[in-house]
Amino acid sequence: MNVLAQEYSAPVPAPRIRPFPTGFLFGAATAAYQIEGAAFEDGRTASIWDAFSRVPGAVINADNGDVACDHYHRYRGDVALMEELGLDTYRFSTSWSRVRPDGGAVNPKGIDFYERLVDELLGAGIRPWLTLYHWDLPQALEERGGWTARETSERFAEYALSVHDALGDRVTDWTTLNEPWCSSFLSYTGGIHAPGRFSIADGMLASHHLLRGHGLVVEELRRRDPALNLGITLNLTVAEAADPARPEDVDAARRIDGQFNRWFLDPIFRGGYPEDIVADIRAVDADAVARFEAAVLPGDLDTISRRLDVLGVNYYHGEFVGGTAPADPPLPGDAPTDRAVGSPWPAGDGIHWYERGLPRTAMHWEVQPEALTVLLERVWDEYAKDAGTALFVTENGAAYDDEAVVDDGTVRVHDADRVGFLRGHLAAILDAADAGVDVRGYFYWSLMDNFEWAWGYDKRFGLIRVDYATQERAFKDSALEYRRVIAARAME
């Protein structure tokens with residue numbers, strides 16, 4: 001044996017340090033109904049989620065948001081936890097039912113809560129990022145037609161301006177809608193979310209009136225204050241054909257991309273709905289398309305396509321689809337509730353999901369960080385770059401079956417899978433930035449465990465564990481890792 005070889009030890013290379021772009025914002029996100037509680041306090045009245053969660057079988061365990069994380073009463077402590085994490089920014093939503101109960105007059109106590117929250121954030125050096133609509137339409141407006149009624153766009157603009165009246169001097173970042181696909185097709189066509197309707201026409205009408213409401217708010221806020229940072233948040237995906245050589249698989253991927261991504265990106269950035277998808281839906285339900293086309297009035301698309309400063313991209317997983325049923329399909333990602341639900345895809349006949357061997361979260365969602373890079377590059381190149389619109393990843397996160405343990409009297413959650421998920425997706429954002437994408441921030445979903453819609457409290461996405469019985473909070477290992485990355489402003 002060569003003695004010199006025995007003695008020689010190759011140097012261990014230093015870890016590669018990858019800094020985030022200058023000014024990159026690290027944040028976390030929540031939504032009003034999912035965390036606030038105080039559902040009927042201080043003048044707040046029912047939203048569609050208060051009503052829907054009481055429909056038998058609609059939500060696992062008949063859970064609801066009456067108490068949730070009790071953030072309404074505990075917001076100061078929650079902001080202190082954000083400060084301890086080192087967050088630059090916090091994305092939250094205001095509750096329409098709290099600000100303008102039943103869609104009526106402004107509720108001073110409801111506005112006061114958000115004023116106190118914003119002041120607490122600013123006092124902690126955290127930038128408030130306000131979302132005006134995260135699915136909590138007042139139930140009284142739903143009973144007058146909901147988002148299928150054109151007037152709801154006007155009522156949304158009135159509500160938005162009421163929030164701006166109170167907070168416009170302190171909040172510069174304004175998101176109109178969160179995930180309009182969910183609050184239209186998932187909710188009005190598939191019946192999976194509130195208000196739980198089953199109608200292709202209703203989903204199409206809701207999507208248009210949501211976008212029209214978005215445009216009306218952008219127009220008015222831009223007029224009031226040109227310095228505001230205005231945007232919308234879309235949930236987007238990467239749809240891949242199971243076999244690119246099979247035309248039916250390629251067509252399945254086209255239809256998912258068109259109904260999920262392009263249905264919202266095209267009117268916002270190009271001033272028109274995708275013609276191929278309109279034709280696909282017409283082949284399924286011509287009357288629905290006729291009602292939709294009659295609802296798109298002159299000037300609507302100009303309103304919808306107003307210039308945006310920011311596009312929020314929510315990304316959780318990709319779609320691997322084909323045109324024939326696989327022998328071993330993956331488990332569905334929807335909550336296994338007792339209430340029958342439909343498909344949110346108006347032109348979804350013949351689309352099937354395939355297993356491809358990727359890791360999956362507790363929601364049965366694939367873990368595919370590299371697809372986030374692909375998505376950001378595509379959205380930047382095809383839509384945002386020429387419009388001068390910056391990208392932010394406004395939601396990204398994972399539910400796992402967390403187990404709390406007590407170490408030396410301290411509650412801990414050793415969530416290694418979530419740590420890996422977080423690091424993988426942050427690295428994917430750096431890859432996109434290296435490729436020239438103007439991506440300026442990341443919001444982990446969610447700051448804390450909360451009410452997860454039809455899943456109730458069955459799934460935990462948070463960086464912070466919430467004991468729902470005691471409302472005690474505890475940092476998970478993923479929170480500690482995120483804090484470390486934020487402090488270093490780099491990945492290694």
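This note describes salt bridges and helix packing in the structure above.

1. The model is predicted, so local features need pLDDT of at least 70 and side-chain atom pairs count only at pLDDT 80 or more, while totals for chains, interfaces and linings use all residues. Residues are numbered from 1 along each chain as its sequence is written, and side-chain values use heavy atoms, with hydrogens and water left out.

2. Salt bridges come first. A salt bridge is a side-chain nitrogen of Lys or Arg within 4 Å of a carboxyl oxygen of Asp or Glu. The count by this rule is 56 salt bridges. Side chains of opposite charge can pair when their charged atoms come close.

3. Helices (H or I, at least four residues) and strands (E, at least two) are DSSP runs, numbered from the N terminus. Arg-98 is buried at a relative accessible area of 0%, and Glu-36 is buried at 3%. Here buried means under 20% relative accessible area, exposed over 50%, and partly exposed in between (1.4 Å probe, protein chains only).

4. Lys-476 forms a salt bridge with Asp-402, and their closest N and O atoms are 2.5 Å apart. This pair also links distant parts of the chain, 74 residues apart: Lys-476 is in the loop between strand S16 (472-475) and helix H17 (477-488), whereas Asp-402 is in the loop between strand S11 (390-395) and strand S12 (404-407). Both Lys-476 and Asp-402 are buried.

5. In the salt bridge of Arg-197 with Asp-202, the closest N and O atoms are 3.1 Å apart. Arg-197 is partly exposed, at 21% relative accessible area, whereas Asp-202 is buried, at 11%.

6. A network of salt bridges links Asp-251, Arg-254, Arg-255, Asp-257, Arg-262, Asp-276, Asp-280, Arg-378 and Glu-382.

7. Helix packing follows. Two packed helices are described by the angle between their axes and the distance between the axes. Axes are lines fitted to C-alpha atoms, for helices over the stretch in contact, and angles run from 0 to 180 degrees between N-to-C directions. Angles under 35 degrees count as roughly parallel, over 145 as roughly antiparallel, 65 to 115 as roughly perpendicular and the rest as oblique.

8. Helix H9 (residues 180-189) packs against helix H10 (residues 200-224) at an angle of about 160°, with axes 7 Å apart. H9 and H10 are therefore roughly antiparallel. Contact means heavy atoms within 4.5 Å. Residues of H9 in the contact include Phe-185 and Tyr-188, and those of H10 include Asp-202 and Leu-210. By class, the contact of H9 with H10 has seven nonpolar, five polar and one charged residues. Ala, Val, Leu, Ile, Met, Phe, Trp, Tyr, Cys and Pro count as nonpolar, Asp, Glu, Lys and Arg as charged, and the others, Gly among them, as polar.

9. Helix H16 (residues 416-434) and H17 pack at about 30°, and their axes are 8 Å apart. H16 and H17 are therefore roughly parallel. Among the residues that meet are Arg-418 and Leu-422 in H16 and Asp-477 and Tyr-482 in H17. The contact of H16 with H17 has five nonpolar, one polar and five charged residues.
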